Amino acid sequence: MSKNILAILAPLLGITLLASCESIDCTVDNVVTLGIGFYDAESGSAKTISDTLTVTANGTDSILYNQGSRVSSIKLPLSYWQEADTLNLTFYDAENDASHVVTLSVKKTNTPHHESPDCPTTMFHEIKEIAFTSATQYVDSITLTDPKVNYASQENIKIYLHPTSD
Amino acid sequence: MPHRKISRYICTLLLISLSLTTANAEKKKEVVPPAPLFCGAAVFADLSGPVMKAVSSRFDQMEVGARLNFRDHFFPLCELGIGESDREGKENNNTFHTRAPYFRVGMDYNFNKKHNGNRLMGGLRYGYSAFKYDFEDPTFADPIYAGNGNFKLDNQQGKAHWLEFTVGCETKLWSFIRLGWNLRFKARLKQHASDFGSPYYIPGFGKNGSSTFGGTLNLIFDVGRTSKKHNQTYPNALIKKQ
């Protein structure tokens, strides 16, 4: 009888330990960013830009992307609360000492997203509309490939660069 | 990956114990007549709930159940409980809260061919819970752009279905009182959550995920036919001395 009781009670320790074990497992890649890829307008293939790229945005003093060179894609944070973000992409051509500023307007909805209370709350977005303006013929066109901006999104917008942009 | 290893380990243990039982039975070549078709009923309560509440602030569940006993091998059962989680983030001020009922139905099978009061059980259960949950992040701030706010969700609707595979054992303590434990591998079949995110905890299931482990420690009271006899031997059961 006592052996039976001991055998039956032994796992209680295991269950108690199991219950008291605690781990924090948040999503490793928990940064939500807008993915932008650069493409050649003529061939449609991915393009590595030779100019230096810097991105700023209206509504923040932070530089979202600072002097990147030889990039074919970038990832940019969007605002949590604004319904539309205005992103200023400045392509600097060092050879000719010329800058091409492209203003990208992104209209979106914002949806807070939570997981475990241990993990930081983030904001998911759904892009409703995009538009661009440019004083020079640097960008040919843009397309929205994936409107959902969340943990899983890779590339949301394709920017087709004019063939003369090199 | 650790879940797979543990489940493989549990399966191996189960298979070994099954093969030992079979080998033992063959060796002795005993013919044990079947127990009566209906061997009684039992009600039980999970003692691990209060233990979990005492040692863990993450979640706990208070659970009771009832089962029937056919031939001392087949135990159709149902389990009812209330699961609760009142959780604050370890490194932030986020809070999660839910408290809701759940139920499970299923069956246990007793692998012990002897009717000596000890049972080696394996079982399957289907679980379901419909619940509401609250989540709050009082310092939800945009790290780059200006602005912050209090993100608060109240009464978000959640539903979940899951399966539980159990292994365990139980023994007679005294008269009609028994004690038993079981370990459970729980596989979530489907869940419905709000657009803002999945619940941290599902009542009856545990910490939310595609699968998880759990266990219960049950105090069991035989009622009806079995309890009147005050022992676990059946009239037409043959028990040979070792």
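Biologist: What pattern does chain B follow, read along the sequence?
Modeller: Chain B reads α-β-α-β-β-β-β-β-β-β-β-β-α. That comes to 3 helices and 10 strands. Helices (H or I, at least four residues) and strands (E, at least two) are DSSP runs, numbered from the N terminus.

Biologist: Ground rules before we go on?
Modeller: This is a predicted model: local features need pLDDT of at least 70, side-chain atom pairs count only at pLDDT 80 or more, and totals for chains, interfaces and linings use all residues. Residues are numbered from 1 along each chain as its sequence is written, while chains are lettered from A and ligands numbered from 1 in the order in which they are written.

Biologist: Which strands make the barrel in chain B?
Modeller: The closed barrel has 8 strands, running 1-2-3-4-5-6-7-10, with antiparallel pairing. Two strands pair if DSSP finds at least two bridges between them. Neighbouring strands of this sheet are turned by 25° against each other on average, direction ignored. Axes here are lines fitted to C-alpha atoms, for helices over the stretch in contact, and angles run from 0 to 180 degrees between N-to-C directions.

Biologist: How many bridges between strand 3 and strand 4 of chain B?
Modeller: 15 bridges, in the antiparallel sense. B:Asp86, for one, has B:His97 in strand 4 of chain B as its bridge partner.

Biologist: Where does helix 2 of chain B pack?
Modeller: On the sheet, touching strand 1 (38-46), strand 2 (60-70) and strand 10 of chain B. The direction of helix 2 makes about 165° with that of strand 2 of chain B. Contact means that the C-beta atoms of two residues, placed from the backbone, lie within 7 Å.

Biologist: And which residues of helix 2 of chain B are buried?
Modeller: B:Ser48, B:Gly49 and B:Met52, in a helix spanning residues 48-55. They line one face of the helix, because seen down its axis they fall within an arc of 105°. The arc is that of the directions from the helix axis to the C-beta atoms. B:Pro50 and B:Ala54 are exposed, on the face turned away from the buried side.

Biologist: Why does B:Leu173 count as partly exposed?
Modeller: Because B:Leu173 has 17 C-beta neighbours inside 10 Å. B:Leu173 sits in strand 6 of chain B.

Biologist: Switching to the interface. How many residues does the contact take from each chain?
Modeller: 39 from chain B and 30 from chain A. Elements giving two or more residues to the chain B side include helix 2, strand 3 (74-88) and strand 4 (95-110). That side divides into 18 nonpolar, 13 polar and 8 charged residues. Ala, Val, Leu, Ile, Met, Phe, Trp, Tyr, Cys and Pro count as nonpolar, Asp, Glu, Lys and Arg as charged, and the others, Gly among them, as polar.

Biologist: What order do the strands take in the open sheet of chain A?
Modeller: 4-1-10-8, with mixed pairing. Strand 4 (73-76) and strand 8 (139-144) are the edges. Strand 8 joins strand 10 (residues 157-161) by 5 bridges, antiparallel.

Biologist: Where is confidence lowest in chain A?
Modeller: In helix 1 (residues 2-20), at a mean pLDDT of 58. pLDDT is the predictor's confidence in each residue, from 0 to 100. Chain A averages 84.

Notes: Buried ≥ 20, exposed ≤ 12 C-beta atoms within 10 Å, placed from the backbone.
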